[in-house]
Structure formats: C-alpha cells, structure tokens
Amino acid sequence: MKLLHRDDNMYRIILMVIRLWYKVPYYMLGIWWCGKNKRISDERAYAFVQKVTKAANKAGRVTIKSYGIENIPKESGFVFFPNHQGLFDVLAFLESCPVPFAFVIKKEASRIILLKQVIAALGSYAIDRDDIKQSMKVIQQVTEDVKKGKNFLIFAEGTRSQKGNELLEFKGGSFKSAVKAKCPIVPCALIDAYKPFDEKSVRPLTVKVVYLPPVMYEEYCNMKTPEIAKMVKSRIEAVIAETL
C-alpha cells in the first residue's frame, strides 16, 4: 500500500499527524467502520469523514474558503467537475461541501493509506485508465448511482495539472456518466489547492473552492462530450483568472 504520490511532500502531512496523534486511531477506525458497516447511511458516513477532514486541515494550517455554495443543486443526483491540482483537492471539497458526495479517483491513488478507507466509506470508485473494460464499468456504475440520487466529483483532466492554477485539457469521456444520467453538471474552480502537499513548507495557507452555477441537461443535451468538456473548462478558467 502506498503512503503518498512521489511528487507530494510529507511536511504538512507529518504536521497533521503530529498535531492529531491522539485522535488518529479513532479517526482511522471510524472511517474504516463507515466503509464496512452497510447500515451506516451515506449522510452519516459523510458527516464523519467531513469531521475528520476539518480537523486534519486545521492541524495542517490550511484554511478553506468556499464561494457559490448557493449554486449547488437543491436536489441530489448531480456531478461536480473541478480542475485537478493535487491530492489535497478532495480534502478541500470534503470540508466545504455541505452535501454528501462520492468521487472517482485513479487506481494508483486509491492505494494510499486512509484515502483507500475514505473511498470505501463514501462509496467512491477507483478507475483504471489502462483498462477500458473496467473504465466503462465504473462509468456505468456512476451513471446508475447518480440516477438514484447520489452526487459525485470527477476530475475531468484525468490527472493533476502540475502547473499550479493552470488547467490541462478536460477529457470528454469524463462527462459520459453525467450525460447518461441526464443530470446537472456543476463546474468548480480550485485555487491554490496544489500548495498544501506540493510545497515543502508548513506555513499557513488558504485554498479557495468556487462552485459555479450548474449546467442543466437541457443546456448540454445537444452537445458532444468534447464540447461539454471545453465549455466547462472555459468557465472554470474564467473564474480562476478573475479571482487571481
């Protein structure tokens, strides 16, 4: 099992663990139990994971500022599509998002300690980008879950940007689940989310999450997935440029 992506540094993670050392066993056991006990509701599991996330971010000296919470659809069954800056991205959403969601993450990252348990607790999926059959199965599973009212977070770039607040191209295939489910697409802009785990520092940081107005199915139903990807990317880029 992996501890961390090779491009991440351990400084802030070590700080988190040191400052929460007396609670780490309880947190890890609680998240593990949420993933194992099928009687625990999605809302209860999410609430516990969010509690742990807030504690970890505070211990790591990272402040999350969120904007546009009112843009999150009132009815569940939608997909968040943010830009992807690094491993901290999911922590930013887990603290700021008031409604439960699961996420799709690459298979390699799913082996990281604790993240693996969070995946199980929230009913998330790991996707193998080199296995077309497995990828299609995940797309179909997400589609069915969204139709049943579950929310998801999908990184359309497929991999972290490694260019700070610059975006890579959004992959059209990432939007297949949303299109099949005919659900709202919620573009999201992450700003400075690469800094907590990429910089070799534990100085106080602020990460911003901006929830943009949702794109309803009626707005994109006649578009091809590459066109949807381009539209969502451009909206996120515009918000990042305006914010910076």
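User: What does contact mean here, and with which residues is Ser 201 in contact, leaving aside its neighbours within four places in sequence?

Analyst: Contact means heavy atoms within 4.5 Å; leaving aside neighbours within four places in sequence, Ser 201 is in contact with Tyr 11 and Arg 12. This is a predicted model, in which local features need pLDDT of at least 70 and side-chain atom pairs count only at pLDDT 80 or more, while totals for chains, interfaces and linings use all residues. Residues are numbered from 1 along each chain as its sequence is written, and side-chain values use heavy atoms, with hydrogens and water left out.

User: How are two packed helices described, and what are the values for α1 and α3?

Analyst: Two packed helices are described by the angle between their axes and the distance between those axes. Axes are lines fitted to C-alpha atoms, for helices over the stretch in contact, and angles run from 0 to 180 degrees between N-to-C directions. Helices are DSSP runs of H or I with at least four residues, numbered from the N terminus. Here α1 (residues 11–19) and α3 (residues 42–59) pack at about 110°, with their axes 8 Å apart, and the two are therefore roughly perpendicular (65 to 115 degrees). Leu 15, Met 16 and Arg 19 of α1 make the contact with Ala 56, Asn 57, Lys 58 and Ala 59 of α3.

User: Is Gly 164 buried or exposed?

Analyst: Buried means under 20% relative accessible area, exposed over 50%, and partly exposed in between, with a 1.4 Å probe and protein chains only; Gly 164, at 16%, is therefore buried. Leaving aside neighbours within four places in sequence, Gly 164 is in contact with Gln 85 and Tyr 194.

Definitions and conventions:
Parallel < 35°, antiparallel > 145°, perpendicular 65-115°, else oblique.
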